[in-house]
Amino acid sequence: MNTAQAKKANPRKGLSPRQWIKIDASGMYYKDLNRQIRGLAEQGARKFDLQNVYGQRYIGTNLWATERDKIRIRVHGTPGSDMGAFMDGPEIEVYGNAQDATGNTMNCGKIVIHGSAGDVLGYGMRGGEIYIRGNVGYRVGIHMKEYDDKIPTIVVGGTVQDFFGEYMAGGRIIVLNKFFEGNPPVRQSYFIGTGMHGGNIYFRGDVNIEQIGAEVNVIEPTDAEWKIIERYVHNYCKAFDLGERKVKLLKREKFWRLYPKSTRPYGMLYAY
Amino acid sequence: MLTAQLPEFNVDRDEDRCIQCRVCERQCSFDVYGYDVQNNVMIHKEENCVACQRCAVLCPTNALVIKENAYTYKQNANWTREAISDLKKQSETGGVLLTGMGCDKPHKIYWDHILINASQVTNPSIDPLREPMELRTHLGRKPDSLEVKDGKLSFPDYPKVELSTPIMFGAMSYGAISYNSFKSLAQAAHEYGTLFNTGEGGWPKELRKYGSNTIVQCASGRFGIDLEYFNDAAMVEIKIGQGAKPGIGGHLPGEKVSEHISLTRMIPEGSDAISPAPHHDIYSIEDLQMLIHALKEATDYQKPISVKISAVHNSPAIASGMVRAGADIIVVDGLRGGTGAAPKILRDNVGIPIELALAAIDTRLRDEGIRNWASLVVSGGIRNAGDIFKAIALGADAVYVGTPALIALGCTVCQKCYTGKCAWGITTQDPYLTKRVNTEIGTQALVNLLRAWSLELKELLGCGGINSIESVRGNRLQLRGIGLESWEMETLGIRGAGQ
Amino acid sequence: MKDLSKVNNPYGDDKVISQCSIFGMMNTTGEVFSGKEIITAIRNMHERGNGLGGGFAIYGCYPDYPDDYCLQVMFDTRANREETEIYLKRFFHIQHSEEIPTCPTEVIKNPPDVYRYFVQPKVEELHEIISDDDIVIRRVMKINTTLDGAYVFSSGKNMGVFKGVGFPEEIADYFCLEQYDGYIWTAHGRFPTNTQGWWGGAHPFSLLDWTVVHNGEISSYGANRRFLEMYGYICTMHTDTEVVAYAIDLLARKHGLPVDTVMDIFSPPVWEQIDRMDPDDRKYFEVLRSTYGPLLLNGPFAVIIAHHGEMVAHTDRIRLRPMVAGIKGDMVYASSEESAIRLVSKDLEKVWIPVGGHPVIARLKELAKDDVVEGGRELLKAEGMEV
């Protein structure tokens, strides 16, 4: 259904915010798809079910000035890069894998990915939550930041690749390293948290010193931090319909908190 | 005899500030200061002042300003103050003018006419602080190709040295510089993972523990040489020439040959240490091959052998011959290369700038398909990390720095090294002066220099989207010329800015 | 002597810069398949190109002439063709020649005339002993650098490159590629930033049966090029893709190194990682880096390299350009974006993001124990990252 058709269908009273509107994205250009969603949202629709998505970019990006925090989008297929870029409020659920730069500079909202995600997820993310059931690629959480009550959070169910949390300036990332998959061996990643100067990474499993950047300290989480981990793992289980009892098991698992040694890692770098 | 020389510098003392503590008097090794007890004032012999600034830096009340003397002769583009003063000195003495440090004439500094590239959009610049950025450098012959036999890599295993950064300390002998300065160089090279060069004045036994960070020289004087000397080092260098004084030898006066220097150089105390102009076993290129292989034989083919020449007009052809003669590393020292003592007439007039020699040599070796056979190290006039980056992009594998290391130790480039009176305690053997270099502080200063320049090199790599120094080596597309004539850019193998 | 660099690099830049989409697929049993799927896949990444270049490489497409070099040549004019044919007849036995079938469309403007020649080199014309491959390379270079209006853009046996100015799907239509079958297909959509696009400058770039499609810019171009020039390669096109092709020719064909070693040369681990390896591996990388350091490909790139029997997907060592690999039965896929693979193969058995600098190598089953390997040593003691 395109915008014109939608207007025709509901000429006066607008579209129902409770009804899931199906859109078949097969062969659709991303601009047309995103415009259609926006058009429907302007008429009152709030729930979108996108079918056959193959690489359309910027899903969720242009939904500003609507009641954006009520908008929900389900994506079936493989959304294109920059999904949720600059996103400010909507909730996206992907039944499949996401590509690169998901949640780029995202401000608010939530993204749930049932599969894995590519590189540079959450670049410069300022707020909101991203849950990934599978693994993530290179440079995830790069330069996430926090300010006041805006603390962006990412939970990764699987593994991470190199340069994870690079330049991280705030926010939190929890890495479960396949805990809910029965703990298969995981690939080691390197250069974790290089240049980190804010925020926290909670990492399940052992971290060798050669895997992390010089700016990072490793310590066991405090009880208060455990509460945060539990809260988000609880959300994670809810997002993916996992038995919540398992969250309790997690407590026995070894977690490490990776945090910056200093908020000014390069204070000694320059001559007077 | 009355001298017609005017003092080169003025000592400007603020009498209101001066507290007559006599620090200046004790610090000055050139006898500029005296103390007039009766009047409680300091007196000056300005004609002795060399503007080393030791007194000004140490004056507790900042009462001293050392200034260039404002005296002037009639303006003359030809007969400058320096020309007149030099001539008068010679007419008074009948001698050859001596000087120290590198050529100070305003020949074109090509580094300052070369600009560096950066990545914008089409490739990302790389953040050197957070992503790997590699400066590690290996010097020595490289194979032309490798082979895989039965699934295993087979390769000729040429001897090599490894550097953590492509910066080494150039040859400065114990004798030319003080023991503390020499030791600081050794310790800093060791701490930072690079090499220092002993020069030709031998190698004190107690410093041999830094052998893996040491290059020993085999020069025409053959001082302090035995098999242990070669085999304790990481690399052996045959010194043919030096940028400051191509084609001539050297002379350490007997009064500097102290007990320890005598032991190190293996010559009697108090005797002159004379380095002949040529090696008397090298009168031709095939003789060089003989000496190179003698050294290889002496070191059981375990050490790379380098050969150092000064940059002269036909350096490319000479370099090609050196490589074919078996040199694993060739070192070229340019016009502005430093020295402890050299005739001024040679220093200022003989040789060519290192930038041009380097580019021409790298091009020639590539044209001949033998660039892999030897590494190329350059020196002479390198002042900062930008110069180093440009040298490497023009084709160098690494650089030697001498003057920068001395400046880090305190030197102010007053050019009086040859007098043996260095007030900073660097180029002197006077025990009263040499203790002015503290080896701990000196080592730290040198390590700081290496660290700072390495960080800056990484910044320069990163801004060009490159994360390993081998991708800069010979990558002249990273460079552009400005204010150069077309023949100069052609020689450098670079294009003009905006082209 | 004509100057190809003037044609391909009209503004005389250091090199031609272009970024792109790439896709490759291979059947590891050697069974051939049509181009339908790869055309669909590369069309899906339309956004990554700008219509100034597209192309394909097909392996196994000329089963009737399996042992002849197939020279595919573009000509500006009929006179250019006639002159070139005289040259070809002098140095080659021509087994068969024909005009390459095209289906003109509105979007393809000003195409050159394209012909193909199935040839064997005339050894008797030489006074030295060199291989057939070297003769072919020499003659191809000669044509490309001296004969006006003629450019050989494909020269392998039982394979062909098809490329031109346009979006890749338009080039596929123009060359009627749906009618071809092959067991490896690679494709490229181009986004050059400093040329109007020239037919010969599109990807794949090829030399004999080696082809390269490439995304990204190689910052080490100047160092790579000067090293290759020392071994006699003349970089006529001023593109970094050309440099990759010559580097492969030097390392794989002339120096006889296996393809995974070649990839280790292009993207070696950083020294810090090498230092932690066991002594054998450490030595291996030390020797590779110190010998072939000038061929380290620095800066962002993702390439799909193919020749008969092998398809290699490879990225730079810190993975600045995207690459996704997938497997379904005997089919192996590599792509800039996962969505393009998903579009043509719905139920993949495995999809993964290869580790930066570690090639994914698909091989014919008959040639290798493992038909798909992910290369690299140190990082992959654990398995590749499965999605």
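The centres of domain 1 and domain 2 of chain C, taken over C-alpha atoms, are 24 Å apart. The model is a predicted one. Domain 1 of chain C is made of two stretches, 4-61 and 158-381, while domain 2 of chain C covers 67-157. The points below cover the boundary between these domains and then the contacts between chains.

**Between the domains of chain C**

- Contact between the two domains involves 21 residues of domain 1 of chain C and 23 residues of domain 2 of chain C.
- On the domain 1 side of this contact, the elements of chain C that give two or more residues are strand E8 (159-164), helix H5 (168-174) and strand E11 (205-207).
- E8(C) supplies the largest share of that side, with five residues.
- Sorted by class, the side of domain 1 of chain C that touches domain 2 of chain C holds nine nonpolar, seven polar and five charged residues.

**Between chain B and chain C**

- Chain B has 35 residues in contact with 33 residues of chain C.
- The side of chain B that touches chain C contains ten nonpolar, 14 polar and eleven charged residues.

**Between chain A and chain B**

- Eight residues of chain A and five residues of chain B take part in the contact between these chains.
- Of the residues on the side of chain A that touches chain B, four are nonpolar, three are polar and one is charged.

How values were computed: Residues are numbered from 1 along each chain as its sequence is written. Chains are lettered from A and ligands numbered from 1 in the order in which they are written. This is a predicted model: local features need pLDDT of at least 70, side-chain atom pairs count only at pLDDT 80 or more; totals for chains, interfaces and linings use all residues. Domain bounds come from an automatic or database domain assignment. Two residues are in contact if their C-beta atoms, placed from the backbone, lie within 7 Å. Helices (H or I, at least four residues) and strands (E, at least two) are DSSP runs, numbered from the N terminus. Ala, Val, Leu, Ile, Met, Phe, Trp, Tyr, Cys and Pro count as nonpolar, Asp, Glu, Lys and Arg as charged, and the others, Gly among them, as polar.
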